[in-house]
Amino acid sequence: MFKPTSPLLGGLLWKIPWRLSRPQKARQRKRLRAVDRVVDTVSAALQRNGGLTTKAVERWYAEMPREEEMVPKDKYTIFDKKEKKYRKGLHSAYSPDLGWYSVSITLRIADWISPVQNFPSGLV
């Protein structure tokens with residue numbers, strides 16, 4: 001007889017939930033703050049060495065929001081043109097090849113993206 005078990009009814013058992021758990025959100029906020037700290041460290045080091053600056057650092061400060069300035073929608077979801085509301089959970093975007101690098105850049109520029117536009121030319 002057919003016994004309805006989880007593998008028989010649902011297919012793949014390792015399903016990805018549609019939202020992040022509290023620890024996943026905490027780790028994501030920690031990653032975003034780490035990126036902010038790196039940019040701050042680079043900027044401070046340049047300032048100590050004769051008041052230098054670079055266009056890249058200035059552009060980062062001008063265009064990219066800090067972790068505490070980002071709204072939760074931008075922290076935990078990313079743009080995806082194939083999704084119904086053009087957003088998908090951050091945890092489903094992780095790539096073993098690229099890691100979180102591409103995700104962190106995508107999060108910061110999420111405000112610029114609409115279903116019609118592509119990524120800004122110099123950022124990805």
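## Charged side chains and their partners

D74 and R87 form a salt bridge, their closest N and O atoms being 2.9 Å apart (a salt bridge is a side-chain nitrogen of Lys or Arg within 4 Å of a carboxyl oxygen of Asp or Glu). Because D74 lies in helix α4 and R87 in strand β2 (residues 87-89), this pair ties together parts that are 13 residues apart in sequence. Helices (H or I, at least four residues) and strands (E, at least two) are DSSP runs, numbered from the N terminus.

This is a predicted model, where local features need pLDDT of at least 70 and side-chain atom pairs count only at pLDDT 80 or more, while totals for chains, interfaces and linings use all residues. Residues are numbered from 1 along each chain as its sequence is written, and side-chain values use heavy atoms, leaving out hydrogens and water.

**The salt-bridge network**
- Salt bridges link R33, E67 and K75 in a network.
- R33 and E67 meet in a salt bridge of 3.7 Å, N to O.
- That pair links distant parts of the chain, 34 residues apart: R33 is in helix α2 (residues 22-48), and E67 is in the loop between α3 (55-63) and α4.
- K75, in helix α4 (residues 72-76), also has a side-chain polar contact of 2.8 Å with E67 (a pair of N or O atoms within 3.5 Å; within protein, one must be able to donate a hydrogen and the other to accept it, and residues adjacent in sequence count only if both atoms are side-chain atoms).

- E67 is buried at 6% relative accessibility (buried means under 20% relative accessible area, exposed over 50%, partly exposed in between, with a 1.4 Å probe and protein chains only).
- R33 is partly exposed at 34%.
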